[in-house]
Structures are given as structure tokens and as C-alpha cells.
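Please find my notes on this model below.

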Protein chains: 2
Amino acid sequence: MGSRERRDRERMETRDKIFAAAREMFAQEGYEAVTMRAIADKIEYTPTTIYHHFANKQALVTELCHCDFDVLAKQFARASTVADPLERMRMAGEAYLQFAIEHPQDYRFMFMTTLPEIPHDAQFMAEVVGNPESDAYAFLRLACVEAIEKGLLRPELSDSHEVAQLLWATLHGLISLRIIKNHEEWVPWRDLKTAARNAMDAMFRGILRDPTALPKGQEAEAALSAADATTK
Amino acid sequence: MGSRERRDRERMETRDKIFAAAREMFAQEGYEAVTMRAIADKIEYTPTTIYHHFANKQALVTELCHCDFDVLAKQFARASTVADPLERMRMAGEAYLQFAIEHPQDYRFMFMTTLPEIPHDAQFMAEVVGNPESDAYAFLRLACVEAIEKGLLRPELSDSHEVAQLLWATLHGLISLRIIKNHEEWVPWRDLKTAARNAMDAMFRGILRDPTALPKGQEAEAALSAADATTK
């Protein structure tokens with residue numbers, strides 16, 4: 001390996017270490033309370049090192065957001081070849097659940113922490129926001145638009161944003177209560193994966209015009225396996 | 001007013017002020033990061049004053065929890081005269097939503113903040129935990145037990161804890177995403193009350209054996225008005 005490649009690799013490793021510390025500290029102490037110096041201290045770097053990577057805390061949180069939301073969007077995008085919008089919604093739900101279980105710190109930072117206004121640049125706005133390939137919310141919402149257009153949902157559910165937010169919230173509620181309250185004894189928590197799948201089943205039954213048309217996730221699983229096979 | 005009464009009232013006012021500051025600071029900075037001195041500073045009291053009310057941070061958070069969860073349980077208990085368990089579940093949902101809208105700081109502290117293990121004393125455990133009159137989760141769960149026993153839910157939903165957690169999570173997801181992400185522009189949020197009622201409708205349809213038996217909340221509203229009339 002050349003010295004240029006080694007430097008690049010080391011640079012990415014340092015960046016990931018800063019990200020990991022920042023994610024955890026923002027989620028646990030709140031964005032406002034965390035300083036660049038405190039992040040540096042946590043990973044035993046000098047403040048100079050951290051400023052070498054990020055001009056300020058705002059730049060750090062902006063890149064961290066772009067990175068984490070991109071990982072999630074990529075998980076969703078694996079379902080993009082699934083034609084049936086209901087199966088695609090189901091698959092997005094499975095991908096979201098899996099992301100939360102595998103990356104609880106990322107999840108806390110992304111969905112359970114009040115973040116500052118992120119000043120996205122024009123290129124980011126044009127390429128990412130609203131693009132189903134790079135914006136997980138847009139991915140879910142597009143499936144809702146298609147389900148509504150095909151007449152698959154109850155007629156009173158004609159607002160794709162409302163349906164998308166309802167499906168998102170169903171999983172977020174289960175996941176976030178578990179992250180916050182898992183150790184508390186007064187609620188005998190049920191297995192998260194089983195609970196989340198039953199919740200998706202119930203919510204699909206509740207929004208579908210024909211509740212027996214429940215997406216089973218089988219088409220979704222086949223597509224995920226195919227995607228895994230090509231990327232491995 | 002006698003001097004004893006005045007002292008008692010002042011004592012309660014100081015306690016409420018400490019509670020308000022602690023709630024906000026625990027929710028925003030995390031329980032671990034907040035010191036008794038910082039709480040005192042925030043409300044411009046001396047640390048001595050705050051220790052006069054609470055022996056330590058653990059005692060403060062324990063009393064704060066008991067206080068806030070008791071307020072929520074009292075909101076639920078107003079529905080206890082409603083005979084139909086589905087109407088009672090619906091009414092508990094409305095009460096929960098109303099509580100979150102009226103007390104967002106309390107909500108954040110209670111359901112969106114990791115709290116330490118609270119060492120409840122034996123009397124509290126015996127009288128409060130699991131008692132539907134003083135434990136909102138127990139209230140909701142009891143309605144789920146009755147709905148299952150009456151055969152109102154789909155037969156595969158036979159675990160009252162799972163059903164209670166599913167209903168709770170549906171509302172918690174909508175409420176907590178709104179609290180955390182309301183200011184972010186990439187999601188066009190829909191009105192919380194409308195979304196929450198549509199979510200409850202969808203979830204009830206999804207769990208009921210007969211989806212047309214949807215609780216309308218009318219019996220619930222009548223009972224709430226009656227309760228208001230007697231307490232006013």
C-alpha cells in the first residue's frame with residue numbers, strides 16, 4: 001500500500017472515531033452541551049486534530065448526519081426493485097428495524113436527539129432531499145403515493161405524508177421506548193422484532209382497503225437475498 | 001391564612017420550581033450530567049435550599065417521577081367508569097395525547113429520557129405499581145386483558161402486554177418524533193391530533209376481530225365531560 005493510501009485510510013479511521021464519540025455524546029448530553037474539546041478529550045485526541053477534520057461543531061454534525069442518513073437510505077434502496085408498493089413499505093419497515101437493532105447509538109442520534117438546523121448546500125438539496133435513492137423518508141413516501149394511486153388504501157387515507165408518518169411512527173414508538181426504558185422493570189417488554197412485525201401487520205390491516213391483502217414480506221426477503229448475493 | 005399554611009404553600013411552590021428546572025435539565029442534558037448545584041443555579045437558589053427539599057439527586061428524581069406519573073394516571077383514571085374496554089382504550093389514548101400536548105417537558109422527561117433505577121419503597125410498590133388507578137400502563141393493560149377475554153381482538157393477539165405496548169408505541173412514535181423533529185424542514189409534518197386519531201383508528205381496525213366495531217370515543221367524551229362537571 002502506498003503512503004497516500006495509508007494516509008487516506010488513517011484519515012477515515014480518525015473520522016469514524018470522531019463520529020462515534022460525537023454521536024454518543026450528542027445523544028446523551030444534547031447537541032448544545034457538547035464541545036469540540038470534550039469530543040477530542042473522549043477519544044484522547046488534541047483539539048487541533050479534531051479541528052483538522054472539521055472546521056467547527058456545525059460542520060461535524062452536518063457531515064455526521066449526511067453519513068448516517070445515507071447508510072439508512074442505502075438499506076432502503078435495496079428494496080427499490082420490488083414492484084408492489086405494499087411489499088416495498090413492508091421491506092422498508094424491516095430495513096428500518098434492522099438498522100435500529102444493529103446501530104442503536106446511530107438511531108438515538110438520528111431520531112431521538114434534537115439537532116440544530118443543518119445548513120445543507122444547494123448540491124445536497126438538489127441531489128439528496130426528496131430523492132428515494134438517498135432519502136429514506138422519500139423512499140417510504142413514494143411507496144405510499146403508489147399505494148394510494150393504485151387504490152390499495154382505505155379511501156380516507158389520501159395523504160401520502162400522513163400515511164408515511166403513521167407507518168414510521170409505529171416502528172419508531174416501539175424502538176425508541178425500548179431504547180429509553182429497556183432497563184425499567186415496571187413494563188415486561190416483549191421481544192422487539194416480534195412486536196414490530198405484529199405492529200406492522202396490525203397497521204397494514206388498519207390502512208388497507210382489503211385487509212387480507214397484507215404484505216407478507218416474502219417478496220421483500222427474496223429481493224434482499226438477491227441484493228446480498230450481488231454485493232458479496 | 002395562618003403562617004403554617006403560608007409556609008406549606010411556599011414550600012410547595014419552591015418544590016414545583018425545582019421540579020420544573022430538573023425536568024427540563026434531565027431531558028435536555030441527560031440525568032447523569034446534571035448536578036444538584038446546576039439545578040439550584042438555574043433557578044437562582046443556593047444549593048442549601050435545594051438540599052433542604054431533597055436529600056440528593058436520586059431522591060429528587062424519585063419524587064419527580066412519582067409526581068409526574070401520578071398526574072398521567074389520574075388523567076387515565078377518569079375513564080375508569082367506561083364499561084367497554086375498547087372505548088376505555090380509546091379514551092386512555094386521548095388522555096395520553098392531551099397530556100403530551102399540554103406538558104411536552106414532562107413528556108420528554110418521562111418517556112424520552114433514560115432515567116436511573118428508581119428505588120421505590122415497599123409501600124409504593126404495593127399501592128401504586130400495577131394498580132390501574134395509579135399506574136397508567138396498568139390501566140391500559142387491564143383494558144387489553146378485558147378486550148382479549150371478551151373475544152374482541154384477533155385471536156393471535158392473546159398477550160395483553162404486547163397489545164398494550166403496541167397501542168402505547170403508536171402514539172409515542174407520533175408524539176416523540178414531533179417533539180424531536182418538529183423544526184426540521186425535510187418532513188412536512190401533519191397536524192398531531194388528527195394524525196394521532198387516524199393512527200388510533202388504523203391500529204384499532206388492525207387489532208379488532210371485527211374492524212367495524214371501532215371505538216368512536218363518544219362514550220369516552222361523555223364520561224370525560226361528566227368527570228369535568230363533578231370536579232369543577
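**Notes on the model**

1. The buried residues of H10(A) pack against H5 (85-102) and H9 (160-181) of chain A, and against H9 (160-181) and H10 (192-207) of chain B. Contact here requires C-beta atoms, placed from the backbone, to lie within 7 Å. Helices are DSSP runs of H or I with at least four residues, numbered from the N terminus.

2. Basis of the numbers. This is a predicted model, in which local features need pLDDT of at least 70, side-chain atom pairs count only at pLDDT 80 or more, and totals for chains, interfaces and linings use all residues. Residues are numbered from 1 along each chain as its sequence is written, while chains are lettered from A and ligands numbered from 1 in the order written.

3. Burial of H10(A). Of its 16 residues, 12 are buried, so the helix is largely enclosed by the rest of the structure. Buried means that 20 or more other C-beta atoms, placed from the backbone, lie within 10 Å of the residue's own. Among them are Asn198(A), Asp201(A), Phe204(A) and Arg205(A).

4. Length of H10(A). The helix covers residues 192-207, and its end C-alpha atoms are 22 Å apart.

5. Contact between chains. 36 residues of chain B touch 36 residues of chain A. On the chain B side, H1 (3-29), H9 and H10 each give two or more residues. H9(B) has the largest share, 12 residues. The chain B side divides into 19 nonpolar, 12 polar and 5 charged residues. Ala, Val, Leu, Ile, Met, Phe, Trp, Tyr, Cys and Pro count as nonpolar, Asp, Glu, Lys and Arg as charged, and the others, Gly among them, as polar.

6. Symmetry. A rotation of 180° with 0.0 Å of shift along its axis superposes chain B on chain A, at RMSD 0.0 Å. The two copies are thus related as by a two-fold rotation axis. In chain B, the C-alpha nearest the axis belongs to Gly173(B), 1.8 Å away. 100% of the interface residues of chain B are also interface residues in chain A, so the copies meet through the same surface.

7. Domains of chain A. The domain assignment gives domain 1 (1-54) and domain 2 (57-231). Their C-alpha centres lie 28 Å apart.

Methods:
Expected span 1.5 Å × (residues − 1). Contact = placed C-beta atoms within 7 Å. Domains from an automatic or database assignment. Least-squares fit on C-alpha atoms with pLDDT ≥ 70 in both.
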